[in-house]
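Morning, everyone. Please look at the screen while I walk you through one protein.

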Amino acid sequence: MTGRVTLVGGGPGRSDLLTVAAVRALGAADVVLYDRLAPYEALAEFAPAAELVDVGKRPGHHAIPQDEIEALLVEHALAGRQVVRLKGGDPYVLGRGGEEVLACHLAGVPVEVIPGVTSAVSVPGAAGIPLTHRGLSHLFTVVSGHAPLTASELEHLAGLGGTIVVLMGVNSLPSITAGLARFGMSPEMPVAIVERGFRSDQRTTVGNLTDIVVAAGRAGVTSPAVVVVGEVVRLAHDGDAGAAELMERAAGFAAVAS
């Protein structure tokens, strides 16, 4: 009898941010394949009877290639096991969850996806940064910093407005900030880097488009981190006074536009 695969979004890494559905799936699992950014420390509690397989990528640990992860999911399910693939954040937000679902479909394996709290929204929130705010930003864009952005992508981001959230963006920070400036974004645009969201050693480094790379170097910023580019950064960094000033400016811009 064929088992099934459940892709579970583990959220930003804190176990109490797992959904009720995620906890139920873990409790019924025979095997759990987990990433390093998932709340794997809680697996002894939530999946006490399951075989635990570390497939994550981290320093000193050879990650299992994606195609082998997909093969393992299918292999365990075809052997009749209840398989949970525990991923950081949400499986469908830069998490390759779509590839794993397709692999299951191709093998005739039943598969379900349980959404998770994405770090794109939750980690800035943990640092007090709202991605949207009336009068400042009515949209946000999430991009991957894993690979360099093209000139066309940078041009569109610079002109789109709102808030930009970059996941896996520490290494690409110099090229992203330089590209946004090249295509017209204000050099004074605030930028925040939130490291290790929701952990006890969470830290936020703040600068602007022109000096954030230097500030990050001085602070020794490392992954995992979420980069936020936009006026909303000031709401957390400058406090109520800064927020009031920004709202006055926004109201002035709206009056001029009308």
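**An aromatic pair**

Let's start with Y34, which is buried, at a relative accessible area of 13%. Buried means under 20% relative accessible area, exposed means over 50%, and partly exposed lies in between, with a 1.4 Å probe and protein chains only. Y40 is partly exposed, at 30% relative accessible area.

Before I go on, a word on the source. This is a predicted model: local features need pLDDT of at least 70, side-chain atom pairs count only at pLDDT 80 or more, and totals for chains, interfaces and linings use all residues. Residues are numbered from 1 along each chain as its sequence is written, and side-chain values use heavy atoms, leaving out hydrogens and water.

Back to the tyrosines. Rings of Phe, Tyr and Trp (its six-membered ring) pair if their centres lie within 6.5 Å; planes under 30 degrees apart are stacked, over 60 edge-to-face, and the rest tilted. The count by this rule is one aromatic pair. Y34 and Y40 form that pair, and it is stacked, with 5.4 Å from centre to centre and 25 degrees between the planes.

**Two helices**

Now the helices. Helices (H or I, at least four residues) and strands (E, at least two) are DSSP runs, numbered from the N terminus. The protein has ten of each: ten helices and ten strands.

How do the axes of α3 and α4 cross? Helix α3 covers residues 66–78, helix α4 covers residues 97–107, and their axes come within 10 Å and cross at roughly 45 degrees. Axes here are lines fitted to C-alpha atoms, for helices over the stretch in contact, with angles from 0 to 180 degrees between N-to-C directions. That makes α3 oblique to α4. Under 35 degrees is roughly parallel, over 145 roughly antiparallel, 65 to 115 roughly perpendicular, and the rest oblique.

Which residues meet? From α3, Q66, I69, E70, L73, V74 and L78 meet E99, E100, A103, C104 and A107 of α4. Contact means heavy atoms within 4.5 Å.

**A buried valine**

Last stop: V229, in strand β10, residues 225–229. Buried or exposed? V229 counts as buried, at 3% relative accessibility. Leaving aside residues up to four places away in sequence, V229 touches G162, T163, I164, L180, M185, M189, P190, V191 and L209. V191 sits 38 residues from V229 along the chain, yet their C-alpha atoms are separated by 4.5 Å.

To zoom out: buried residues make up 45% of the 258 residues in the protein.
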